[in-house]
Amino acid sequence: MEALSEGGSILISVMTYELVKEFFDCEYYGKLPVKYMGDLQIYRVKGLKPEFSVKGLGIIRMNHSR
């Protein structure tokens, strides 16, 4: 999948999508033929959902206080 992704984008399998869809906005990318498994559905991660990001911009919240 890494070879298919454009610079700066993240592609994930349908299994990973099912685990992260509550927290990340994703879009369907298409199917990828996988040896011994057939076609695998692939999704592109667009960013964090607004409720989990700084000012709703999809940016990760960082806590630098220690």
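How many helices and strands make up the secondary structure of the chain? The secondary structure comes to one helix and three strands, where helices (H or I, at least four residues) and strands (E, at least two) are DSSP runs numbered from the N terminus. Along the sequence these elements follow the pattern β-α-β-β.

The structure is a predicted model, in which local features need a pLDDT of at least 70 and side-chain atom pairs count only at pLDDT 80 or more, while totals for chains, interfaces and linings use all residues. Residues are numbered from 1 along each chain as its sequence is written, and side-chain values use heavy atoms, with hydrogens and water left out.

The three strands form an open sheet in the order β1-β3-β2, with antiparallel pairing; two strands are taken to pair if DSSP finds at least two bridges between them. The edge strands are β1 (10-13) and β2, each of which pairs on one side only. Neighbouring strands of this sheet are turned by 35° against each other on average, direction ignored. For such angles, axes are lines fitted to C-alpha atoms, for helices over the stretch in contact, and the angles run from 0 to 180 degrees between N-to-C directions.

The pairing can be followed strand by strand. The antiparallel strands β2 and β3 are joined by ten bridges. Within this pair, Gly30 stands opposite Ile42 in β3, and Val34 has Gly38 in β3 as its bridge partner. Strands β2 and β3 form a hairpin with three residues between them, and Tyr36 in the turn has a positive phi of about 70°. Strand β1 is joined to β3 by four bridges, and these two strands also run antiparallel. Here Leu11 has Arg44 in β3 as its bridge partner.

Is Arg44 buried or exposed? Its relative accessibility is 18%, so Arg44 counts as buried; the term buried means under 20% relative accessible area, exposed means over 50%, and partly exposed lies in between (1.4 Å probe, protein chains only). Arg44 and Ser13 are 31 residues apart in sequence and 9.0 Å apart in space, C-alpha to C-alpha.

The charged side chains come next. Side chains of opposite charge can pair when their charged atoms come close. The structure holds three salt bridges, a salt bridge being a side-chain nitrogen of Lys or Arg within 4 Å of a carboxyl oxygen of Asp or Glu. One of them joins the side chains of Arg44 and Glu27 at 2.9 Å, N to O. Because Arg44 lies in strand β3 and Glu27 in strand β2, this pair ties together parts that are 17 residues apart in sequence. Glu27 is partly exposed, with a relative accessible area of 32%.

Another salt bridge is formed by Lys49 and Asp25, whose closest N and O atoms are 3.5 Å apart. Lys49 lies in the segment after β3 and Asp25 in strand β2, so the pair ties together parts that are 24 residues apart in sequence. Asp25 counts as partly exposed, at 31% relative accessibility. In the remaining pair, the side chains of Glu18 and Lys21 meet at 2.8 Å, N to O. Glu18 is partly exposed, with a relative accessible area of 43%, and Lys21 counts as partly exposed at 35%.

Which residues make the nonpolar surface patch of about 440 Å²? The patch is made by Met15, Tyr36 and Met37. Patches consist of residues with over 30% relative accessible area and no salt bridge, like charges being joined within 9 Å and nonpolar side chains (Val, Leu, Ile, Met, Phe, Trp, Tyr) within 5 Å. Met37 lies in the loop between β2 (24-34) and β3 (38-48) and is exposed, with a relative accessible area of 58%.

Two totals describe the chain as a whole. Buried residues make up 23% of its 66 residues. Of the contacts in the chain with a separation of 6 or more, 39% are accounted for by residues 24 or more positions apart, where contact means heavy atoms within 4.5 Å.

Methods. Accessible areas come from the Shrake-Rupley method with a 1.4 Å probe; for residues, only the protein chains shown count as cover.
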